[in-house]
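Thanks for coming. I have one structure to go through today, so please have the sequence and the model on screen.

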Amino acid sequence: MSLQMLPAGQESPDVQVSWEDQQRINAFSKLNSRLSELEDLYQEKKDENEYLEDVGTEIELVDEDDLVQYKIGDAFYWLKQSEVVERLEGESESTLTELNDLEDKIRSIKDEMSELKKVLYQKFGNAINLER
């Protein structure tokens, strides 16, 4: 987000930036930063969920009575295949819930940013750039 420079020879429009306008610009900037953070986190959770699904598929091919190494914290434990499958399903459900929550937060921030854009572009027109 920045105020754009006008080409040489053009006078800058006399647009006064009020305290309220500055607060809106600051709010937009903060939302933009938060949106980037949430989108990065969303991608990480999405990758984690895909990994859990892939591991779950591979573990299902193992005999139910076989022991499988499963990482809990920093240690690996030998658990029955059926228990590992249950734990992976639980982790996958938890990750899906987190993904849905992140989607809601991202949507909310985008809506709020859209409203701020309308107000700021209405006042400043082409003198402000609010695109990422």
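I'll start with the buried residues of H1. They are Asp 21, Ile 25, Phe 28, Leu 31, Asn 32, Leu 35, Leu 38, Lys 45, Asn 49, Leu 52, Gly 56 and Ile 59. Before going on, note that this is a predicted model.

As background, an α-helix has 3.6 residues a turn, so residues three or four places apart point the same way. Keep that in mind while you look down the list.

What covers those positions? The cover for the buried residues of H1 includes strand S2, residues 67-72, then H2, and strand S4, residues 128-129.

Now the overall layout. The protein contains two helices and four strands, and along the sequence the pattern reads β-α-β-β-α-β. Of its 132 residues, 24% are buried. Taking contacts between residues at least 6 apart in sequence, 65% join residues at least 24 apart. The exposed surface comes to about 9600 Å², with carbon and sulfur atoms supplying 47% of it.

In general, nonpolar side chains in soluble globular proteins tend to be buried together. Here the largest nonpolar core has 14 residues, and Ile 109 and Met 113 have the most contacts inside it. Helix H1, residues 19-60, and helix H2, residues 81-124, each supply at least two residues of this core. H2 gives the most, with seven residues.

Which residues does Met 113 contact, leaving aside neighbours within four places in sequence? Phe 28, Leu 31, Asn 32 and Leu 35.

Is Ser 92 buried or exposed? Its relative accessible area is 13%, and the cut-off for buried is under 20%, so Ser 92 counts as buried. Not counting residues up to four places away in sequence, Ser 92 touches Asn 49, Leu 52 and Glu 53.

Key: Residues numbered from 1 in each chain as written. Predicted model: local features only at pLDDT ≥ 70, side-chain atom pairs only at ≥ 80, totals over all residues. Heavy atoms only, no water. Core = buried A, V, L, I, M, F, W, Y, C linked by side-chain atoms within 4.5 Å. Buried < 20%, exposed > 50% of the residue type's maximum accessible area, 1.4 Å probe, protein only. Contact = heavy atoms within 4.5 Å. Areas by Shrake-Rupley, 256 points an atom, 1.4 Å probe, with all protein chains shown as cover.
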